[in-house]
Amino acid sequence: MIPKIYKLFVAMLMLAGCQSEGRAPAALLAGKSVEGRPIQYYVMGEGKQVVLFIATIHGNEHAGTPLMRTLMDYLGERPEFLEGYKAVIIPVMNPDGYAKNTRGNINGVDLNRNFPATNRKNNAKYGSSGLSEPESKAIFELLHKFNPVRIVVAHQPWAIVDWDGPGQPLAEHMARHTIHPAKRIGSRPGSLGSYAGGDLGIPIITWEFPGKAHENSPEKLWRMYGRSLVAALVYPEDVTLKNFQAPYDQRERTVILVAPVVMLAVASLAGWLLLIYLNRRKP
């Protein structure tokens with residue numbers, strides 16, 4: 001009987017720890033899409049170094065969206081990775097394209113060609129002018145609000161860690177923490193990489209997942225790519241596999257050590273209250 005009660009008590013403490021430490025950050029509004037869908041972002045950490053994470057700038061390249069959401073859950077469990085950093089996370093930059101599984105937004109504009117980079121081209125596919133679309137304008141304003149020291153943008157389908165601007169060391173660092181190599185494709189006209197990396201000089205990663213990566217479960221995606229995301233946050237620090245996998249093991253060890261003490265304190269309190277009750281019932 002006692003072992004069963006102990007196991008139940010440990011499980012309750014574990015659950016309480018998960019609920020308190022894994023609290024999701026509040027959704028903030030960067031702007032709205034052409035069709036009025038919210039473009040939400042989340043801020044985690046209070047550090048001075050801001051790292052911007054973006055997924056689904058192309059609506060049919062959405063493997064990064066569950067990864068960004070899992071990243072938020074993970075950082076809620078592992079706040080030590082946020083020491084000195086502030087993570088700004090946008091799980092879906094192109095909500096209309098995401099809803100309709102299209103590359104561009106509802107106007108057919110490629111949002112990753114709609115930034116005011118010096119190499120941009122004005123046309124129907126890339127937009128009549130830089131920031132002609134509300135989605136790219138929202139990200140532009142967010143970029144200048146937070147002034148990140150580095151940016152990671154999730155794409156598909158080339159299975160490489162690409163970069164723009166001074167991003168090669170960051171790309172090589174991330175590649176050491178995942179299964180895909182660092183490889184340069186080259187800047188595209190009016191892309192976020194061209195603007196933030198080429199014009200502003202911010203290290204920016206275009207993380208190209210495989211074409212069918214979105215068919216994997218969020219758990220499998222995290223196992224394959226999560227450590228590299230965390231490594232991008234804490235760059236140039238490495239994230240060992242042991243440290244990356246530690247949170248639940250560490251919590252369980254802590255709870256197992258603390259549980260007997262808590263149980264003894266609860267039992268002592270219950271015994272003390274029982275004695276008071278019995279003494280009061282005596283004639």
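Colleague: Do S2 and S4 run parallel or antiparallel, and over how many bridges?
Modeller: S2 and S4 pair in the antiparallel sense, over three bridges. Two strands count as paired if DSSP finds at least two bridges between them. Strands are DSSP runs of E with at least two residues, helices are runs of H or I with at least four, and both are numbered from the N terminus. This is a predicted model, in which local features need pLDDT of at least 70 and side-chain atom pairs count only at pLDDT 80 or more, while totals for chains, interfaces and linings use all residues. Residues are numbered from 1 along each chain as its sequence is written, and side-chain values use heavy atoms, with hydrogens and water left out.

Colleague: Which residue in S4 stands opposite methionine 44?
Modeller: Alanine 87.

Colleague: And what joins S1 to S2?
Modeller: Four bridges, again in the antiparallel sense. Lysine 32 has proline 38 of S2 as its bridge partner. The two strands form a hairpin with five residues between them, and glycine 36 in the turn has a positive phi of about 90°.

Colleague: How do S3 and S5 run, parallel or antiparallel?
Modeller: S3 (residues 49–54) and S5 (residues 150–155) run parallel and are joined by four bridges. Valine 51 has arginine 150 in S5 as its bridge partner.

Colleague: At what angle do H2 and H7 cross?
Modeller: Roughly 65°, with the axes of H2 and H7 (residues 218–234) coming within 9 Å. The two are therefore roughly perpendicular, a label for 65 to 115 degrees, with under 35 being roughly parallel, over 145 roughly antiparallel and the rest oblique. Residues making the contact include Leu67, Leu71 and Tyr74 of H2 and Leu221, Trp222 and Tyr225 of H7. By class, the contact has 13 nonpolar, two polar and no charged residues. Nonpolar covers Ala, Val, Leu, Ile, Met, Phe, Trp, Tyr, Cys and Pro, charged covers Asp, Glu, Lys and Arg, and the others, Gly among them, are polar.

Colleague: New topic. Is histidine 173 buried or exposed?
Modeller: Histidine 173 counts as buried, because its relative accessibility is 1%. Buried means under 20% relative accessible area, exposed over 50%, and partly exposed in between, with a 1.4 Å probe and protein chains only.

Colleague: Where is histidine 173 found, and what does it touch?
Modeller: Histidine 173 is in helix H5. Leaving out residues up to four places away in sequence, it touches Ala231, Tyr235, Pro236, Glu237 and Asp238. The buried residues of H5 pack against S5, S6, S7 and H7.

Colleague: How much of the chain is buried?
Modeller: 47% of the 283 residues.

How values were computed
Axes fitted to C-alpha atoms, helices over the stretch in contact; angles between N-to-C directions. Contact = heavy atoms within 4.5 Å.
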